[in-house]
Amino acid sequence: MKKTIKIEGMSCSHCQARVEKALNGIAGVTAKVDLKKGQATVRSEAAVSDADLSRAVEEAGYTVTAIDESKGLFR
């Protein structure tokens, strides 16, 4: 599974690190945040619900505006 999460409210590298930590705290998830694009790319071999991803970001203090799932193989 690969998803792209659009996130509002991040303004610095501390914000970026906080969101990455929150998402990477979900079992089996590897996440990378692009501060300039205001988005995170999330990969996982198992399915992870949009609700779980949103909850992690929102508990870190940021707003999820969209989640897009990429089709294809996990890489």
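At what angle do H1 and H2 pack, and how far apart are their axes? The model examined here is predicted, so local features need pLDDT of at least 70 and side-chain atom pairs count only at pLDDT 80 or more, while totals for chains, interfaces and linings use all residues. Residues are numbered from 1 along each chain as its sequence is written, and side-chain values use heavy atoms, without hydrogens and water.

H1 and H2 pack at an angle of about 140°, and their axes lie 9 Å apart. Axes are lines fitted to C-alpha atoms, for helices over the stretch in contact, and angles run from 0 to 180 degrees between N-to-C directions. H1 is therefore oblique to H2. Angles under 35 degrees count as roughly parallel, over 145 as roughly antiparallel, 65 to 115 as roughly perpendicular and the rest as oblique. On the H1 side, the contact is made by Arg18, Val19, Ala22 and Leu23. H2 supplies Leu53, Ala56, Val57 and Glu59. Contact means heavy atoms within 4.5 Å.

Helix H1 covers residues 13-24. Helices (H or I, at least four residues) and strands (E, at least two) are DSSP runs, numbered from the N terminus. The expected span is 1.5 Å times one less than the number of residues.

In H1, the buried residues are Cys15, Gln16, Val19, Glu20 and Leu23. Down the axis of H1, they fall within an arc of 130°, so they line one face of the helix. The arc is that of the directions from the helix axis to the C-beta atoms. Ser13, His14 and Lys21 are exposed on the other side of H1. Buried means under 20% relative accessible area, exposed over 50%, and partly exposed in between (1.4 Å probe, protein chains only). Strands S1 (2-8), S2 (29-34) and S3 (39-44) are among the elements that cover the buried residues of H1, as is helix H2 (50-59).

Glu20 has a relative accessible area of 17%, so Glu20 is buried. Leaving aside neighbours within four places in sequence, Glu20 is in contact with Ala31, Lys32 and Val33. Asp34, in strand S2, is partly exposed at 31% relative accessibility.

H2 buries Leu53, Ser54, Ala56 and Val57. Seen down the axis of H2, these residues fall within an arc of 160°, so they line one face. Their cover includes S1, H1, S3 and strand S4 (63-70).
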